[in-house]
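These are my notebook entries on one structure. I went through cores, strands and charged pairs in turn.

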Amino acid sequence: MKEIIIQLGSAIQPAIDNASASGGGKVILAPGVHRTGTVYLKDNVELHLPAGSRLQGGDSPEDYDDLPSALYGEYAPCKCPKSLIAAVNAENIAITGSGVIDGCGPAFYNRNTTEGGYFYAKTEKGRPRLLQLVHCRNIRLEGVTFQDSPGWTTWLIECTDVTVRSLRIVGDPRMINNDGLHFFGGKRISVSDCFISTGDDAIVVRAGRAWTREEECLAEDIVVTNCVLESSCQGIRVGCSCDDKVRDCRFSNLIIRSRNVGIYIDNPVRYLTVACPSPRLDLDNISFDHISVESQTKPFAVEVEEGLNLRRIGRISFSNIIFKGNEPLCFTGSEETPLEEIRLSNVSGTVFGPESIRTRFVTSLSMDHCTIAAVPAK
């Protein structure tokens, strides 16, 4: 494999282009701070950040490219079509090492003012992501630290054969919208041995519509294991009212600490937007196993707001779960979309409030060896 070492002050993009054009290679950052605008990964290239190296984006939206429509279609989170690292239709790409990718996130917020009494106030600045990959194949993300992303830290759209291992994703917990791993569709995705601590959802698995196409979007065969997740919002969020199909996902051996809901499958009307107006979600065969959850609201919940007619929400299991929370476990479908086959096995925990579990419009709820206590709030 061809190796190219990038010294401080040298441009990164020409080295990536050269390595890809030569059939592939490893682009290695020398120790120190490499300040850069948007970098585009290309076929058969590994971007390697050894210990002591830092890839640093700018503190203004003008420091980043406006990505072409192929990279975000008609939808850009936080109304910002920008990212520090990006790729579309690339294969055999990797980001590895033990260095840091830094987005200077706090500079994009007003830290003297809060929204909702906790989060920094948003400014008029567009808030880029650190990594955005679209329709890419054979991806490896390993070892690096993604730090202080202004917006979603990573956004992988309909990517296949993805391995994410031993990442650290950290962001100021008072920055809203700095989600950790955010998947919109995709197949054969493995996430393991990661530490994620963010102000917004730590891990999101969705089948967000394929914005540039009419075909259905599918998220399937996704495995998340051996991770620690901390969030000022949700630890894990799966599905959304306007998504297509999410199926065959496994979450296991996790520690979750959340200021909001620990594990959330949430389908409110407000998530239907002009860009995504139809309730479409078909969610099936999702399991959560060997997980410890501490939440300041609901430890875990599956909810559909009244009036929403989704295609299906069914076969969801929670097993070997230990939890603490301040609100009840919730399994509430709608009259139009009852929940199908909710299974709890070896679930134990405490709700600090008057109600331990809440159910409505559930066609089948099984509970085996469960101890769920409601005790007076302290």
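I took a nonpolar core to be a set of buried Ala, Val, Leu, Ile, Met, Phe, Trp, Tyr and Cys residues joined through side-chain atoms within 4.5 Å. Buried means under 20% relative accessible area, exposed over 50%, and partly exposed in between, with a 1.4 Å probe and protein chains only.

The model is predicted: local features need pLDDT of at least 70, side-chain atom pairs count only at pLDDT 80 or more, and totals for chains, interfaces and linings use all residues. Residues are numbered from 1 along each chain as its sequence is written, and side-chain values use heavy atoms, with hydrogens and water left out.

Entry 1, cores. I looked up the largest nonpolar core and found 92 residues in it. Those with the most contacts inside this core are Ile 101, Val 246, Phe 251, Phe 288 and Phe 318. I then listed the contacts of Val 246, a contact being heavy atoms within 4.5 Å. Leaving out residues up to four places away in sequence, Val 246 touches residues including Val 205, Ala 207, Ala 219, Val 238, Leu 281, Leu 283 and Ile 286. The list for Val 246 also holds Arg 206, Gly 239, Asp 282 and Asp 284. A second, separate core has 5 residues, among them Val 134, Trp 152, Trp 155 and Phe 184.

Entry 2, strands. Helices (H or I, at least four residues) and strands (E, at least two) are DSSP runs numbered from the N terminus; two strands pair if DSSP finds at least two bridges between them. I find strand S1 (residues 2-6) paired with strand S2 (residues 25-29) in the parallel sense, over 5 bridges. Ile 4 stands opposite Val 27 in S2. From S1 the chain passes through helix H1 (residues 13-21) to S2, a right-handed β-α-β crossover. Right-handed here says that, with the strands pointing away from the viewer, the path from the first strand over the helix to the second runs clockwise.

I also traced an open sheet of 11 strands with parallel pairing, in the order S4-S7-S12-S15-S18-S21-S23-S25-S27-S29-S31. S4 (39-40) and S31 (357-360) are the edge strands; each has a single partner strand, so one side of each lacks a neighbour in the sheet. S4 pairs with S7 (residues 83-88) in the parallel sense over 2 bridges, and Val 39 stands opposite Ile 85 in S7.

I counted a side-chain nitrogen of Lys or Arg within 4 Å of a carboxyl oxygen of Asp or Glu, and the count came to 26.

Asp 66 bridges to Lys 82, with the closest N and O atoms 2.8 Å apart. Both residues lie in the loop between S6 (53-56) and S7, 16 residues apart. Asp 66 is exposed at 53% relative accessibility, whereas Lys 82 is buried at 11%.

Arg 137 bridges to Glu 91 at 3.6 Å between the closest N and O atoms. Arg 137 is in strand S13 (residues 137-142) and Glu 91 in strand S8 (residues 91-97), so the pair ties together parts 46 residues apart in sequence.

Asp 244 bridges to Arg 280, the closest N and O atoms being 2.5 Å apart. Asp 244 sits in the loop between S23 (236-238) and S24 (245-258), and Arg 280 in the loop between S25 (263-267) and S26 (282-295), 36 residues away. Asp 244 is buried at 0% relative accessible area; Arg 280 is partly exposed at 24%.

Last, I noted a network of salt bridges that links Lys 26, Glu 46, Arg 140, Glu 142 and Arg 165.
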